[in-house]
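User: I am new to this structure and would like to learn how to read it. Could you walk me through it feature by feature?

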Amino acid sequence: MQSNKEPMKDFDKYYSPMSEAQLKEACAKIKHVALDMDGTIYLGSTLFPYTLSFLKKLKDNGIGYSFLTNNPTKSVEDYLKKLRNMGIDATREEMNTSAVSTIDYIKIHHPEAKRLFVLGTPSMIAEFEASGFEITTDDANDVPHLLVVAFDTTLEYKRLCRAAWWASQGLPYIATNPDRVCPTDQQVILVDCGSICKAIEYATGRIPDIVIGKPNPGMLTVIQERYHLQADEIAMCGDRIYTDVKTAQNAGALGVLVLSGETTLETAMNSNPQPPITALNIEEFGKLLIKNNPNPNY
Ligand SMILES: [Mg+2]
């Protein structure tokens, strides 16, 4: 899409390569905003000063929202507690880890799968059990319906080998998130789900049938199915082009880059394709959204 604007000069609170009319139309459709967390609603452990009023504005305008994280090691309850400590009163339904989205995905697409072999943390496994799944043991006679591989910070060699065995047997195979490593400020590499899947692939030749986390569309597809929305009624808002905006692009949703995290304006303007919307932060995106709402409630 061509724009008659000079982006660097014109950038004030937001920028879009779309025409005014296209932008207005895209914003007017939005019924749900999927929000990345770190760099988008908070930074580290500090909530951005505009986050609470942004969420309230969405609610006042009948726009739903969800929080998304690729990290499946902590439970929804852990994240809700973190949000509560920052002053955000979120519900279970509003919190989507890649583990929860994997559970939803299995329930919708593999309703027959009740018994799972899972490589994941005890807290993630507890979440699967609480959702009604039975977790099979590390035993060739304890045959699961489906294999789930996650970012398992408690990974055991024997269980990795069992997961590879089930992968080699042609069971449906789902991975929670594609990340190779999990970012850390410690002097260590946190080997993440994508790398564990690579080990299984090298051993068996099998890759997961589907990987749920960003930048794959899985987490947005789950939201779409849960709330009966069209893809273009969802905006995915985050601070990374290659995960957050890409997720939106892959799902057919509206991708919104915010500059409150790791991406600079320069990187945003030089990226190809450019994000459909680049906003200074969610506050500015919220204003844009509500301005274009058919019945705005300020
Ligand atoms: Mg982020």
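This is a predicted model: local features need pLDDT of at least 70, side-chain atom pairs count only at pLDDT 80 or more; totals for chains, interfaces and linings use all residues.

User: Let's begin with the overall layout. Into which domains is the protein chain divided?

Analyst: There are two entries to find. Domain 1 covers 12-65 + 216-291, while domain 2 covers 100-211. Taken over C-alpha atoms, the centres of domain 1 and domain 2 are 30 Å apart. Where they meet, domain 1 supplies six residues and domain 2 supplies seven residues. On the domain 1 side of that contact, the residues divide into two nonpolar, two polar and two charged.

User: Now the helices. How is a pair of packed helices described?

Analyst: Two packed helices are described by the angle between their axes and by the distance between those axes.

User: Which residues of α5 and α9 meet?

Analyst: From α5 come Ser98, Ser101, Asp104, Tyr105 and Ile108, and from α9 come Gly218, Met219, Val222, Glu225 and Arg226. By type, the residues of this contact are four nonpolar, three polar and three charged.

User: Next, single residues. Is threonine 73 buried or exposed?

Analyst: Here we count C-beta neighbours, and a residue is buried if 20 or more lie within 10 Å. Threonine 73 has 24 C-beta neighbours inside 10 Å, so this residue counts as buried. You will find threonine 73 in the loop between β5 (64-69) and α4 (76-85). Leaving out residues up to four places away in sequence, threonine 73 touches Thr121, Ser123, Met124, Phe151 and Thr153. Serine 123 is 50 residues away along the chain, and the C-alpha atoms of threonine 73 and serine 123 are 6.8 Å apart.

User: What about phenylalanine 48; where is it found?

Analyst: Phenylalanine 48 sits in the loop between β4 (46-47) and α3. With 19 other C-beta atoms within 10 Å, phenylalanine 48 is partly exposed. Setting aside residues up to four places away in sequence, phenylalanine 48 touches Ile41, Tyr42, Ser260 and Asn281. Glutamate 283 lies 235 residues away along the chain, with 9.6 Å between the C-alpha atoms of phenylalanine 48 and glutamate 283.

User: How many C-beta neighbours does methionine 269 have inside 10 Å?

Analyst: Methionine 269, in helix α11, has 15 such neighbours, so methionine 269 counts as partly exposed. In sequence, methionine 269 and tyrosine 15 are 254 residues apart, yet C-alpha to C-alpha they are 9.2 Å apart.

User: Finally, the backbone. Which residues does a cis peptide bond join?

Analyst: For this we read omega along the backbone. A cis peptide bond joins lysine 214 and proline 215, with omega about 5°; proline 215 lies in the loop between β13 (210-211) and α9. A cis peptide bond also joins asparagine 272 and proline 273, again with omega about 5°. Proline 273 lies in the loop between α11 (265-270) and β16 (277-279).

User: And what phi does histidine 228 have?

Analyst: Histidine 228 has a positive phi of about 55°, although this residue is not a glycine. Look for histidine 228 in the loop between α9 and β14 (234-238). Having 8 C-beta neighbours inside 10 Å, histidine 228 counts as exposed.

Methods: Residues are numbered from 1 along each chain as its sequence is written. Two residues are in contact if their C-beta atoms, placed from the backbone, lie within 7 Å. Helices (H or I, at least four residues) and strands (E, at least two) are DSSP runs, numbered from the N terminus. Ala, Val, Leu, Ile, Met, Phe, Trp, Tyr, Cys and Pro count as nonpolar, Asp, Glu, Lys and Arg as charged, and the others, Gly among them, as polar. Domain bounds come from an automatic or database domain assignment. A residue is buried if 20 or more other C-beta atoms lie within 10 Å of its own, exposed if 12 or fewer, and partly exposed in between; C-beta atoms are placed from the backbone.
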